[in-house]
Amino acid sequence: MSYLQIQSVSKRFGQILALDRVSLDIQEGEFVFLLGPSGCGKTTLLRIIAGLEEATKGRIIQAGRDITRLPPAKRNFGIVFQSYALFPNLTVFQNIAYGLENRREPRDRIKARVNELLALMGLEEYGDRYPAQLSGGQQQRVALARALAISPGLLLLDEPLSALDARMRANLRIEIARLQRRLGVTTIMVSHDQEEALTMADRVAVMEQGRVVQVGAPEQIYHRPATPFVADFVGLMNFLPGVVASAERKQVRVGDATLSLEQDIAQAFGQPVTLAIRPEEIEITRNGQTCNVLRAQVQEVEFMGPFYRLHLRLGENGRMIAYMPPEDVRRTAIGEGTEVSLYLPPQHVRVYPAHTAPGG
Amino acid sequence: MQTTLARQTPLPDARPARLNLNEEHLKRLLIWLALAWLLLGIVLPLLPLVQRSLSDRHGHWVGLANYRRYFSTPALSISLTNSLSVSVATTVVAVALAFGYAYALTRTHMPGKRYFLLAATLPLYVPPLAHGIGLVYLFGRKGLITTGLGGLWPGWDINLYGFNGILLGELLYVFPQAVMILMVAASLADARLYEASESLGASPLRTFFTVTLPSLKFGLVSAVFVTFTLVLTDFGVPKVVGGNYNVLATDIYKQVIGQQNFEMGATISILLLIPTVIAFIIDRIVQKKQMAALSARAVPFVPRPRRWLDLAAFIYCLLITMAIIGVMLTVFLASLVELWPYKLDLTLKHFDFSTVGGGGYGAFWNSVRMSLYTALVGTAITFGSAYLIDKLKPLRPVRAAAYFFSMIPVALPGMVIGLAYIFFFNPLHWKIGGLSIPNPFSFMYGTMAILVLSTIVHFYTVSFMTAMTALKQLDREFESISESLGVPFYRTFWKVTLPLSMPALLETAMYYFVNAMVTVSAVVFLYSPRLKLASVAIINMDDAGDTAAAAAMSVLVILTSVGVRLLYDLATRSIARRAQAWKSW
C-alpha cells in the first residue's frame with residue numbers, strides 16, 4: 001500500500017475551485033514533485049497535506065491512518081517554506097532544537113541530535129549564529145535541518161529554492177536530492193520550475209487549474225507529455241496544425257507535406273489534429289531526407305552557447321524553433337533567409353486532438 | 001559528515017510524548033475571551049447610552065423627545081454649531097501649520113531637525129487643561145501679554161475666553177498628531193518621481209503641485225479627520241478657556257455633573273458621536289487607498305540643500321517651537337512664582353496642595369498608579385487580543401468581529417466612554433424592557449479597575465493597530481512551523497512572537513502611560529471622591545480659582561511623563577542591544 005494516499009481531494013475558496021478531485025499515491029521514500037504554474041493549486045494541495053488548510057472534500061491517508069481532519073500537530077511531517085520562517089531571535093542551534101525541546105528529551109540527547117543535523121548539513125561552525133548572519137543557502141539548510149530534526153515520516157518543501165540566486169539554486173538542488181535519497185524520507189516538493197522537477201524528482205505530478213493532469217517519471221513527462229499543456233509547460237515544444245490523412249497508416253497532412261507517425265491516431269480521416277515536436281528532435285538538412293520533411297525558412301539565428309537556436313518560418317504563419325550544434329551551423333553555412341528542410345523523426349512526433357493546443 | 005546517518009541517535013517517539021488534546025480548545029477559549037472583553041469594554045456599555053437618550057428621567061421610553069428638546073432649546077443647540085465651527089477652524093489652521101512643519105522636517109535640509117521633531121511632540125506630555133492654563137497666564141484677563149507685562153508695554157487683549165482661546169489651546173493639543181501623520185505620509189515619498197519631474201524640466205513650484213501634494217493627499221485627508229475628531233471631542237481646553245462659548249463636550253459635562261440630567265447628557269453624546277463616526281469611516285477608507293498606492297519599490301527621497309528654502313523652513317519651525325515651548329514654560333514659571341505676573345519671587349508654595357481642593361499628592365500618586373496599571377494591563381490585553389485575532393486560525397467570524405470592535409474606540413469621545421460606563425457599570429440591576437437583570441460588574445464602579453478599563457478602551461485602537469503592524473511584520477508561517485513540529489502555540493508565542501515584538505510592546509506601554517497621565521474626559525465621570533486623579537484635580541483647582549496650584553499639578557504630570565519617557569529611552573537603548581542582538585546583523 002502507498003505511504004501517502006490523496007483521494008479525490010477538492011478545495012473550494014468561496015467561488016473558486018482551487019483543487020478539483022485530486023488523487024495521487026506516493027510510495028514510501030519517494031521524492032514527488034507538484035509542478036505547475038502559479039495558481040494551479042499545488043501549494044494549496046501541500047498545505048492540505050500538512051493540515052494548514054482543510055480539504056472541502058476527499059481524504060488523505062498517511063501510513064494507513066486517515067489524517068484528513070487532524071490538526072498539523074497530530075500529523076507526522078516536517079515542512080520548509082519558501083521564506084524558511086526561521087525564528088530570527090533564536091540561534092541556529094535553538095532553531096533546529098525547537099521541535100525537540102518540546103518533547104522533554106534529556107538535554108544531551110537533544111544536543112547530540114542537533115549536532116548530528118548540523119554535521120549532516122555542513123553547518124558545524126554555525127550553531128551559535130543567528131539566521132540573519134547566514135547566507136541564503138545556509139538559512140535554507142537550517143530550515144531543512146529543523147524540519148528533519150523530529151524525524152518526520154513526510155517532508156514537505158514549499159518552493160524552498162525560489163528565494164535563492166541561480167547558482168546557489170543549482171548547488172542546493174543536487175544537495176537536497178542527495179540528502180533525500182540518503183535519508184529515504186518520503187518527500188513532496190512544490191515548484192513551478194520544470195528544471196528542478198526534472199533533475200530532482202522520482203516522479204512529477206503536473207498540475208493545471210486545480211487538477212493533476214499527468215503523473216510520471218521525469219523522462220516520461222518530458223518525452224511523452226499527456227497533454228499539450230504538459231508538453232508546453234515542461235520544456236519547449238513546437239505545435240503544428242494538421243489533418244489526419246490516414247489513421248491506419250498513421251499519416252497526417254501538414255500543409256502539402258505528409259508526415260508519418262509512430263504513435264496511434266485516435267481521430268478519423270479528415271479530422272484536424274495538433275502535432276508536437278521538441279526543438280532538439282528536429283533534424284535540419286539542406287537536402288538529405290525526403291520522407292517526413294517540411295520546408296522552412298530561417299528567420300533568425302540565436303547563439304545560445306552550447307548550441308544555436310533557429311527561428312523558422314513555415315508557409316504563411318507557421319513558426320517553429322529548432323536547435324542545431326555549432327559545428328553543423330558552420331558546416332552548412334545556415335544564416336538568416338536560408339531555405340532548409342526539417343526532418344521530423346516519426347518516433348518523436350506526438351499527436352493531440354486539435355482543440356487542446358495551448359494558447360488556442 | 002558524509003558518513004553520518006541522520007537517524008543514528010536514538011530518537012524520541014515520532015510524535016511528542018504529551019499530545020496536547022486541549023490545544024485547539026484552548027485557542028477557541030482564548031478567542032472567545034478576547035471577544036468577551038471587547039464586548040464588555042466597548043460594545044455593551046454603548047447600549048444603555050442609546051437607551052437613555054431615548055428615555056425620560058424615570059426610564060420611560062420617549063422616542064426622540066430628548067433630541068427634539070435639544071434642537072428646540074437654543075441654549076443647548078448653539079453648542080453643536082459652536083463645536084463644529086471651532087473644530088473646522090482649528091483643523092484648517094492646525095493642518096496648514098503642521099503641513100509646513102512636516103514639510104520642513106522631511107523635505108528640506110535645515111539644521112536642527114532632531115530638536116524640532118522633539119519640540120513638536122512635547123505637547124503630547126501636557127494635559128490639554130495645562131495648555132489652557134498656559135494661555136490664561138499669557139492672554140487671560142490678567143495675562144502677561146494682555147496687561148503688557150504688568151503695564152510695561154501696551155497691553156494686547158486677544159479676547160481669549162471663547163472661540164479664540166479654544167482655537168489656540170486645541171492647536172497646541174492636536175499639533176503633534178497632525179505633524180506625525182503628515183511626516184509618515186511624507187516619508188513614503190518616491191524619489192524617482194522627483195527625479196523624473198526634474199529631468200523633464202519642471203519648475204520646483206510645478207513639482208510641488210504635481211508630485212508633492214498628490215503624494216501627500218492621503219496623509220492630508222487623514223490628518224484633517226484625526227484633527228477634527230480630536231478637537232471636536234476634547235474637553236480640557238474648552239473647560240479652561242471656553243468661557244461662555246459652549247461646545248458639545250463641555251455641555252455633556254454640565255448636563256451630567258452640573259444638572260444631573262443624564263438623559264440630556266446621553267442625547268448630546270449621541271450627537272457628538274455622529275460626526276466622529278463619519279470622520280472615522282472616511283479616514284478608514286482613505287487609509288485603505290493609501291496602502292494600495294504604496295509601492296514597495298519606492299526609493300526614499302533625500303532632500304538636497306537649498307539655501308533660502310532651508311532658512312525659511314528653519315525660521316518657520318523656530319517660531320512654532322517657541323510658541324509651543326513658550327506656553328509650556330509659562331505654566332512652569334507660573335507654578336514657581338508668588339503671584340503671576342505681579343509678584344515674581346520664586347516659591348514652591350504652590351506645590352503644597354494641602355490648602356487647596358482637588359486631592360493634592362494623593363491624587364497625583366493615584367494618577368501615577370492608574371497610568372502604570374493602564375500601561376501594564378493595557379499592553380498585555382492589547383497585544384494578546386491582536387495576537388489572537390491575527391495569528392490563530394479557528395473561529396474566523398469571531399476574530400473578524402473582534403477586529404471590527406477593536407476599531408470602534410477611536411471614534412468614541414472620552415466623554416461618551418465615561419458616560420456610557422456610568423450607565424453600564426453603576427446600576428445594581430440593568431433594566432431591559434420590563435426585565436431586571438442583576439449587574440455582575442457593578443462592584444467595579446468607583447474603583448481603580450473602572451478607571452483603568454475606561455482608559456485602556458479610550459486609547460485602545462491606536463495601540464491595537466501598533467500591535468497589529470508589529471505582528472504582521474513577522475513571518476506568517478511561524479505558527480505553521482511550530483504546529484508541524486508539534487510545539488504548542490503558546491510556547492511559540494512566548495519564545496518567538498513576544499521577544500520579536502518587544503519594541504512595539506514597550507512603545508505601546510509608553511503610549512498608554514503618557515495618555516493615562518494626562519487624560520481627563522472619560523475619567524472625570526468615573527473617579528470617586530476617595531480616588532481622585534491629578535488631571536481631574538487640575539480642573540477642580542482651576543474651577544476653584546487656584547490656578548497656580550493647577551499649574552503646579554500640571555508641572556508634576558508633565559515632569560512624570562517626560563521623565564518616564566527619558567528613562568524608557570535610556571533603558572531601551574541598553575536593553576535593545578542585548579535583547580535584540582540578532583537585529584544588529
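Tyr343(A) in β19(A) is the bridge partner of Glu283(A). This is a predicted model, in which local features need pLDDT of at least 70, side-chain atom pairs count only at pLDDT 80 or more, and totals for chains, interfaces and linings use all residues. Residues are numbered from 1 along each chain as its sequence is written, and chains are lettered from A and ligands numbered from 1 in the order in which they are written.

Strand β19 of chain A
- Strand β15 (residues 283-285) of chain A runs antiparallel to β19(A), joined by 3 bridges; strands pair if DSSP finds at least two bridges between them.
- Strand β16 (residues 293-303) of chain A also pairs with β19(A) in the antiparallel sense, over 5 bridges.
- Val340(A) in β19(A) has Ala296(A) opposite.
- In β19(A) (residues 339-343), Val340(A) and Leu342(A) point to one face and are buried (20 or more other C-beta atoms within 10 Å of the residue's own, with C-beta atoms placed from the backbone).

Helices α1 and α16 of chain B
- The axes of α1(B) (residues 23-53) and α16(B) (residues 414-425) come within 8 Å and cross at roughly 90°.
- That makes α1(B) roughly perpendicular to α16(B) (65 to 115 degrees).
- The residues of this contact divide into 10 nonpolar, no polar and 1 charged.

Helix α17 of chain B
- In α17(B) (residues 448-458), 9 of the 11 residues are buried, among them Ile450(B) and His458(B).

Terms used:
Axes fitted to C-alpha atoms, helices over the stretch in contact; angles between N-to-C directions. Helix = DSSP H or I, 4+ residues; strand = E, 2+ residues; numbered from the N terminus. Parallel < 35°, antiparallel > 145°, perpendicular 65-115°, else oblique. Nonpolar A, V, L, I, M, F, W, Y, C, P; charged D, E, K, R; others polar. Buried ≥ 20, exposed ≤ 12 C-beta atoms within 10 Å, placed from the backbone.
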